[in-house]
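Work through the exercises below with the sequence and the 3D view at hand. Try each task before you read its solution.

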Amino acid sequence: MRETLMSNPWASDGQHAVQMKKLDPQIRVRNFNEVAQGYNEEQALHEAQRCLGCPKPRCIGGCPVGLEIPAFIRLIKEKKYDAAIRKVKEKNSLPAICGRVCPQEEQCQKYCMRGIKGDPVSIGRLERFVADLERDRGTNIPRTAKPTGKRVAVIGAGPAGLTAAADLAKLGHTVTVFEALHVAGGVLVYGIPEFRLPKKIVQAEVDYIIRLGVEFHNDALIGRLFTIEELFNKGYDAVFIGSGAGLPTFLGIPGENLGGIYSANEFLIRINLMKSYKFPEYDTPIRVGKHVAVIGGGNVAMDSARCALRLGAEQVCIIYRRSREEIPARAEELLNAEEEGVTCKFLASPSRFLGDEQGRVKGIELVTMKLGEPDESGRRRPVPIKGSETVIEIDTVIVAVGRTPNPIIQSVTKGLKTTPRGTIVANEETGETSLEGVFTGGDIMTGEATVISAMGTGKRAATAIHRYLLSKDKDCLNSQVFPHQLTNLKVINNR
Amino acid sequence: MTTLRLQDAPENEIPTTYKILEKEELTSQIKQVRIHAPEIAEKAKAGQFVILRVDDEGERIPLTLVGWENETGTITLIFQEVGVSTKKLGCLQVQDEIKNIAGPLGKPSDVKNYGLAAVVCGGVGTAAAYPIAKALKEAGNTVISILGARTEKLLILEDEMKQVSDEFYITTDDGSRGRKGFVSDTLKSLIDNKYHFDVVYAIGPPLMMRSTSEVTRPYGIKTVVSLNPIMVDGMGMCGACRVSVGGATKFACLDGPEFDAHNTDFEELIRRLRVYPPEERLALDFHEKAPGGICKCGKR
């Protein structure tokens, strides 16, 4: 570890962040081991020293769950790691996850004063450091508020649902999480690959929530097994819908249903949830050819491309219709992918897929694009150049052009208002829907977004649900603790 | 191996044990199991299916709900042992538990009183057709059933189908039982003779559903097929089960599994079902050569 610091000449000059060790691209591309290795104590202490401890910290405003960043970093500086993770968990029940997958450069770190002249403080890496340290030592479980006797049903065990469940449990409510898949975690288990977010870390965070007293009912697809109305009939006093943006978007061009064309969701579900990278030890197969094209430029596209390489593809090419500047993936993820050998074809868009006699894809016709005027998203609109069609030969395609809300609950719940794009209409601050006692958060409310923004909505909805339950029945609720008041809870060590 | 099992944190998990209470061999390869699954039994409707996972390493496989009993809290499934997953399932004995069952999934059949209904089914597809025939009968339809198989030994649910049918025909490809030929031939001769069907349900192998669909097409008879493409999650997430219906891409798990036969692109369905044979053989080989063979899975 000394070596790592020595080889990093910027380790302590204040302007540059302490680098985090990553697995060598040549080696990591042959396995699913976690790429980013995290800080050791020495590195964490060095990086923590870079925090200026601003009196009016701007970083907190950049965090969707309002983590008290300078406070937890100060505790790291003082080597009070238990206190540091406690400080983090006051606001964030999934820190080991957020420390890994949050786009910190767009959030907290964007506002860091250090960033004006040099690198911002690596807040995410420090968050990961204290979370990992705690997991290795044994997780502390905060004492929850006195039981209120109120029951809340949380639909979906993804980032929004897990956060809402944890906060509501801390407030003394009895919480059941209904998860449609056979394991809790949502996109954290089916979407994000092992090498970016090891599943044992997700499981540890879920276990923490279980030990807060939250009950999990897996294999329960709400809308089919129970309706929202039936949940109320079963005695739940409030419902939180966090069913996510689970539906894959396709391009809608000819040949898309040929064999060898996967949605990114299918590709990643097979690999991450069903562990097909361990086939035939695990029963779910996956077929990856030699020449793979990934359509799209987001983090899901990067994850898909990197999985394809690990499953033996010789060439993996990301095809994105805008230029490198507009690519929506995190810079870090694009870098990781390119380090591993993924190539990118910018300003290109598929116009049709070509198949062989067996109905398997063998090529893509691409149209060259140019950038026109900015569209409503503020990015320059890609415009096809007529007559620029070319064909590339490939045998596997992964379509990673976004996901839309899962429609099942909306389609069977009378009175639940939805938007034209299929999300649930809700008060952005509270997650209140058009139905009394029904709240929402995460991608099903906002459309496809990040893990942390989903957590933020889950957190705000939990506060609103607590207020709602309180207003309904003041006698039953002697606990009037709100999340921001949880700071003084005592911690009991479970080991 | 990373463990993802919630069972490791016992006190708060809702016990969902899917125990096998009865098991019956219908043919040498087709088996029937009755499973404890009260929540699913309460909600199941004709035409719906479940997705199950036999064990921790298991695939998620879709199986049609054949029966459900609210009183006993049980569901009945029928499956043909073809790949590793169904063979593993076939190894489970009474009192063994299935790891996960999610359901009911898919849209229920649009069952109403059409008048004269034909239920045409073949092979293990009869398992999916039976609850629909039963529901059609209960809704007041006159039900004519045509049950087919390659050979006599592969016929299943004969008595059950007979019970819910006003008229009942059997066909086998080799003539070992009933009429020699395909179910679609029998349907055609019924139509040509005297029957004015108001609806035809065709459930079985894709080729059989396609030929049945071609029989009814010239007559404009409403024809419904229940499709069984490759599925992974079964709740709209993966898109593996996409089928082209009337030129639009539909998800069998979400929009189906029942679709208008005359608008269904069967060629595409058949092609998409043929993706994984090499992997299936490899998996079978891997498990059969392992110590104890496939059935060790059931003994864990």
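The model shown here is predicted.

**Exercise 1. The parallel sheet**

Task: In what order do the strands of the open sheet of 5 strands in chain A lie?

Solution. 
Step 1. Recall how sheets are held. Strands of a sheet pair through backbone hydrogen bonds, either parallel or antiparallel.
Step 2. Read the order. It is β4-β3-β2-β5-β17 in chain A, and the pairing is parallel.
Step 3. Find the edges. β4 and β17 (438-440) of chain A each pair on one side only.
Step 4. Check the twist. From one strand to the next it averages 20°.
Step 5. Look at one pair. Strand β2 (residues 151-155) and strand β3 (residues 174-178) of chain A share 5 bridges in the parallel sense. A:R151 has A:T174 in β3(A) as its bridge partner.

**Exercise 2. The antiparallel strands**

Task: How many bridges join β11 of chain A to β12 of chain A, and which strands pair with β12(A) over 4 bridges?

Solution. 
Step 1. Begin with β11 (residues 348-355) and β12 (residues 361-374) of chain A. They run antiparallel and are joined by 7 bridges. A:F353 is opposite A:I364 in β12(A).
Step 2. Look at the turn. The hairpin of β11(A) and β12(A) has 5 residues between the strands, and A:G359 takes a positive phi near 85°.
Step 3. Go on to β13 (residues 380-384) of chain A. This strand pairs with β12(A) over 4 bridges, antiparallel. A:K370 has A:V383 as its bridge partner in β13(A).
Step 4. Inspect that hairpin too. β12(A) and β13(A) have 5 residues between them, and A:G378 has a positive phi near 90°.
Step 5. Finish with β14 (residues 390-393) of chain A. It runs antiparallel to β12(A), with 4 bridges. A:L366 stands opposite A:T390 in β14(A).

**Exercise 3. Where the chains meet**

Task: How many residues of chain A are in contact with chain B, and how much area is buried between the two chains?

Solution. 
Step 1. Count residues. 60 residues of chain A are in contact with 60 residues of chain B.
Step 2. State the area. About 5,000 Å² is buried, and carbon and sulfur atoms give 58% of it.
Step 3. Find the top contributors. A:R224, A:N257 and A:D283 supply 16% of the area that chain A buries against chain B, more than any other three residues.
Step 4. Count polar links. There are 20 residue pairs in polar contact across the interface. On the side of chain A that touches chain B, the largest share comes from α10(A), with 6 residues. That side divides into 28 nonpolar, 15 polar and 17 charged residues.

**Exercise 4. Salt bridges**

Task: How many salt bridges lie between chain A and chain B?

Solution. 
Step 1. Side chains of opposite charge can pair when their charged atoms come close.
Step 2. Give the count. There are 3 salt bridges between chain A and chain B. One of them joins B:K43 and A:E230 at 2.7 Å, N to O.
Step 3. Widen the view. Over all chains the count is 47.
Step 4. Look inside chain A. A:R28 and A:E340 meet in a salt bridge at 2.5 Å, N to O. A:R28 is in helix α2 (residues 25-28) and A:E340 in helix α14 (residues 331-340) of chain A, 312 residues apart.

Definitions and conventions:
Residues are numbered from 1 along each chain as its sequence is written. Chains are lettered from A and ligands numbered from 1 in the order in which they are written. This is a predicted model: local features need pLDDT of at least 70, side-chain atom pairs count only at pLDDT 80 or more; totals for chains, interfaces and linings use all residues. Side-chain values use heavy atoms; hydrogens and water are left out. Contact means heavy atoms within 4.5 Å. Buried area is the accessible area (1.4 Å probe) that two parts lose on being put together, summed over both. A salt bridge is a side-chain nitrogen of Lys or Arg within 4 Å of a carboxyl oxygen of Asp or Glu. A polar contact is a pair of N or O atoms within 3.5 Å; within protein, one must be able to donate a hydrogen and the other to accept it, and residues adjacent in sequence count only if both atoms are side-chain atoms. Helices (H or I, at least four residues) and strands (E, at least two) are DSSP runs, numbered from the N terminus. Ala, Val, Leu, Ile, Met, Phe, Trp, Tyr, Cys and Pro count as nonpolar, Asp, Glu, Lys and Arg as charged, and the others, Gly among them, as polar. Two strands pair if DSSP finds at least two bridges between them. Axes are lines fitted to C-alpha atoms, for helices over the stretch in contact, and angles run from 0 to 180 degrees between N-to-C directions.
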